[in-house]
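Dear colleague,

I am handing over the structure we spoke about, and below it you will find what came out of going through it. Please read the notes with the structure open beside you.

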Amino acid sequence: LLDVAALRGVPMLAETDEITPQDLQEALAAQKLTLQPGDAVLIHTGWGTLWGKDNARYQRSSPGLGTAAAEWLAR
């Protein structure tokens, strides 16, 4: 679990926030983690706190991986 929200010092990322390869690399370093082939990666954005509380906002948009971060993970 990579906590990108904590890395950025916020409880929840904004709905238009794009997670970058640098975010992932910094979260790994901050949490003293390494990735191995076959690992599953979960990313904490804080967005889940809206579930059941503000479903309209939760469903409208959300922060997430940019293309570069997705490609970095795939490699």
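Please keep in mind that this is a predicted model. Thr 45 itself sits in the loop that runs between strand E3 (43-44) and helix H3 (55-60), and it counts as buried because its relative accessibility is 13%, where the cut-off for buried is under 20%. Leaving aside residues up to four places away in sequence, Thr 45 touches Ala 5, Pro 11, Met 12, Leu 13, Ile 19 and Pro 63.

Two of these names, Leu 13 and Ile 19, come up again in the largest nonpolar core, which has eight residues and also includes Leu 2, Val 4, Leu 24, Ala 27, Leu 28 and Ala 69. Helix H2 (residues 21-30) supplies the largest share of this core, namely three residues. Leu 28 touches Leu 2, Leu 33, Thr 34, Leu 35 and Trp 72, again with residues up to four places away in sequence left out.

Thr 34, one of those contacts of Leu 28, is found in the loop between H2 and E3, and it is exposed, since its relative accessible area is 61% and exposed means over 50%. Under the exclusion of residues up to four places away in sequence, Thr 34 touches Leu 28 and Asp 39. Thr 34 and Leu 73 are 39 residues apart in sequence, and their C-alpha atoms are 12 Å apart in space.

With kind regards

Note on methods:
Residues are numbered from 1 along each chain as its sequence is written. This is a predicted model: local features need pLDDT of at least 70, side-chain atom pairs count only at pLDDT 80 or more; totals for chains, interfaces and linings use all residues. Side-chain values use heavy atoms; hydrogens and water are left out. A nonpolar core is a set of buried Ala, Val, Leu, Ile, Met, Phe, Trp, Tyr and Cys residues joined through side-chain atoms within 4.5 Å. Buried means under 20% relative accessible area, exposed over 50%, partly exposed in between (1.4 Å probe, protein chains only). Helices (H or I, at least four residues) and strands (E, at least two) are DSSP runs, numbered from the N terminus. Contact means heavy atoms within 4.5 Å.
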